[in-house]
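This report walks through selected local features of one protein chain. Please keep the sequence and the 3D view open while reading.

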Amino acid sequence: MSNKEVKAALKSAREAIRNKDYKEALKYCKAVLKQEKNNYNAWVFIGLSAAELEQPDQAKGAYRKAIEYEPNQLLAWQGLASLYEKSNQTDCRGDLAGVYQKLLELYKSSDKQKWCDVCNKLAELYHQEKKYLEVAELWQKLIEMKQEEGAEKAELHQLWKKKIQFLKDSTQDQDNKTEQLLLSAFEHSLNSADTVPGEDHQCLYKDFIQCLAKFPHEAARLEKACKDMMALYPAVTYPLEVLCLHFLQSGTLSEETLDYFSRLLEVDASNGLGIISCGIKCLQEEKYREAIKNLTEGLQKTSQCPAAWYYLAEAYTRIHRHRDALQSCNKALQTLGTAEGPTLRWKNLILQLKAEALIKTADADAAEEAIKALEQIADASSNPVVLAVRGQAYLKKGLMDEASKISQELLLSHPDLAESHALEGFIHYSQKNYEQAEKSFLNAIERKPESAVYHEQLGLTYWFMSDETRRDKGKALTQFLKAAKLDSNLGSAFRYVGNYYRDVAEDKSRARGCYKKAFELDGADEESGTAAVDLSMELDDMDTALSVLNEVTAKVGTGTAKWAWLRRGLYYLRIDQPSKAVSDLQAALRADPKDANCWECLGEAYLGRGSYMTALKSFRKATELNPELTYSFYQAAAIEQMLGKYESAIAAYQQILKKTEDYVPALKG
């Protein structure tokens, strides 16, 4: 076949392709290849025809052959790109990026528009494969080319926005370079917007701030963006809210920060973050109950804020409501995301506060849970204060050797730390080594004189220390009073002062005042509540006693606070209101069904209101639980006599007289 015949055959092949007669085209091309096996156009036509006849492997092979002979010719690359774009095969998709890259190389100097079209396709492909850095760099080249061509500002603005769309939904998977390219795209897009201020520009600014908030290390950039947006859009609260949340999460609580919080409240008095900020301010000013009120209200509106939950837990800790503090710590941990950067710092703080709260509660498993919480703190072994807390957790669990080991290590490594000496003091106190405990707590107080807990513990040490201090509790009282002065929310200090006035000074009125104060501070302190009521009754101040009992029983359900229900029931018995007494004594028994004395009192109440059968059952229950209750035996017998059950009554009286021969009521019965 001569050159003239080859050209004619290729012309016929092209004509056949135009007429969609692909099989005929293949015949002409194969004839050409017999003469010229490296004929570029013949291989390209075979690729095109095979592709149309749905023979992808043959098409791919043909295009590859053409490229092998003429690697810098466009047609075969274009055909291969078209073939791969239609294919669903994974290997084809993988090769497509390489084909696009070659086309970009070939189009760069010949056809800028087609270069841009391929650039778009390659960017989409990279985006699908989550190759975000490649997307960012490629789109940057497209924008630079457009800038070189003198593209309009509006066109460039759209390109920057497109780049943002490619990258903004993938912030979790980006490396630092991709992240910087994304943030740069936002800044260029904002600067190239036509209408400023305007609705689109405002939305773009919001997206930019949202994006910055995902990168903890871009704090300065975030602050600037928020302030710039606030200047442009003063009526929009979003940047102010983000800025306040950022300051809150970063722990930055300066005057400037509080000023922004105030501005937020001025714009929206019901804003959750604004109310939280009021709570934080109250916390700083040591107005703990007001802080709790504001933080709780704010968290009802903005619950996903771990820092606010932490501050609420801290406020509860300051007024020694440790169970509430524990609940807030758990809420804070639930709302934390991935513990990195500032989040890790919050996690460590929350876990430490949680452990401290657990150590203060009386739950059986609290110490074990505290140890587990401390184990989750990053670099806990290098933090002496956390180690001291761990030592207290071990001590609470009864692991004396582990607690002592930590104490010894801390005293060697951190002899100037108050917590080191306090831990040693707690260990000595638990072992009743009061003289050594005194030295340790004095050392702790020397280093941290503002600690009410250390003064209180020293007071307890003096209280139990020796015969001399047992006779003269003055040294103990001094420490308890110091503790109460340093921390007016420490209910236990007031209770111990009350113990002094009741048991040593025998001043019932003063003691009652101290117990009442202790109970007001800690409604779960049964010892103080009981003492306040009992002393009020001894002082014939029934109004005070009743007000305390009414307050407690109004707050709790039946089955809890047995002491309050029992005492109010006895009060109603004394003033001859048996029906009310029955109700309260039943509530007390729900808390402790095995209290024989309470059953006896209930029997009296039933008897007082004329319910003889239920009174009889109550007295019998009392004798079952405690066979030594002679009075209950007698009352049961007396009721049987009253009901005409004489034989049973006689038998019961005789049984009483076997135990107590001279029990007059039984003899009389």
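## Salt bridges

Arginine 221 is partly exposed, its relative accessible area being 22%. The model it belongs to is predicted. Glutamate 187, the partner of arginine 221, sits with its closest N and O atoms 3.1 Å apart in a salt bridge. Glutamate 187 is in helix α10 (residues 176–191) and arginine 221 is in helix α12 (residues 219–232), so the pair ties together parts 34 residues apart in sequence. Glutamate 187 is also partly exposed, at 29% relative accessibility.

How many salt bridges are found in the whole structure? The search returns 28. Side chains of opposite charge can pair when their charged atoms come close.

| Salt bridge | Closest N and O atoms |
|---|---|
| Glutamate 15 – arginine 18 | 2.7 Å |
| Lysine 131 – glutamate 129 | 3.4 Å |
| Glutamate 187 – arginine 221 | 3.1 Å |

The pair of glutamate 15 and arginine 18 lies within helix α1 (residues 3–18). These two residues are 3 apart, so about one helical turn separates them. Glutamate 15 is partly exposed, with 39% relative accessibility. Arginine 18 is exposed, at 54%.

In the pair of lysine 131 and glutamate 129, lysine 131 is partly exposed at 35% relative accessibility. Glutamate 129 is partly exposed as well, with a relative accessible area of 31%.

## Positive phi in two loops

Most residues other than glycine have a negative phi. Lysine 130 has a positive phi of about 60°, although it is not a glycine. Where is lysine 130 placed? It is in the loop between α7 (112–128) and α8 (132–148). Lysine 130 counts as exposed because its relative accessibility is 57%, and the cut-off for exposed is over 50%.

Aspartate 540 is another such residue: its phi is positive, near 60°, and it is not a glycine. Aspartate 540 is in the loop between α30 (526–538) and α31 (542–555). Is aspartate 540 buried or exposed? At 63% relative accessibility, aspartate 540 is exposed.

## Aromatic pairs

The whole structure holds 13 aromatic pairs. One of them joins phenylalanine 426 and phenylalanine 441. Their ring centres are 5.4 Å apart and their planes meet at 80°, so this pair is edge-to-face. The reasoning rests on the angle, because planes over 60 degrees apart count as edge-to-face.

Phenylalanine 426 comes from helix α23 (residues 418–430) and phenylalanine 441 from helix α24 (residues 434–447). The pair therefore ties together parts 15 residues apart in sequence. Phenylalanine 426 is buried, with a relative accessible area of 14%. Phenylalanine 441 is buried too, at 0%.

Elsewhere, ring pairs link Tyr310, Tyr311 and Trp346 into a cluster.

## Cysteines

How many disulfides are counted? The count is 0. Cysteine 226 is in no disulfide. Its nearest cysteine sulfur belongs to cysteine 244 and is 9.2 Å away, whereas a disulfide needs two sulfur atoms within 2.5 Å. Cysteine 226 is buried, with a relative accessible area of 0%. Cysteine 29 is also buried, at 0% relative accessibility.

In the model, residues 418–451 are 79% helix and 0% strand. The end C-alpha atoms of residues 418–451 lie 10 Å apart. Residues 562–595 give 79% helix and 0% strand. Their end C-alpha atoms lie 10 Å apart.

## A nonpolar surface patch

Which residues form a nonpolar patch on the surface? They are Tyr612, Met613, Met642 and Leu643. Together they have about 360 Å² of accessible area. Methionine 642 lies in helix α36 (residues 630–642). Methionine 642 is partly exposed, with a relative accessible area of 49%.

Terms used
Residues are numbered from 1 along each chain as its sequence is written. This is a predicted model: local features need pLDDT of at least 70, side-chain atom pairs count only at pLDDT 80 or more; totals for chains, interfaces and linings use all residues. Side-chain values use heavy atoms; hydrogens and water are left out. Patches are made of residues with over 30% relative accessible area and no salt bridge: like charges are joined within 9 Å, nonpolar side chains (Val, Leu, Ile, Met, Phe, Trp, Tyr) within 5 Å. Accessible areas come from the Shrake-Rupley method with a 1.4 Å probe; for residues, only the protein chains shown count as cover. A salt bridge is a side-chain nitrogen of Lys or Arg within 4 Å of a carboxyl oxygen of Asp or Glu. Helices (H or I, at least four residues) and strands (E, at least two) are DSSP runs, numbered from the N terminus. Buried means under 20% relative accessible area, exposed over 50%, partly exposed in between (1.4 Å probe, protein chains only). Rings of Phe, Tyr and Trp (its six-membered ring) pair if their centres lie within 6.5 Å; planes under 30 degrees apart count as stacked, over 60 as edge-to-face and the rest as tilted.
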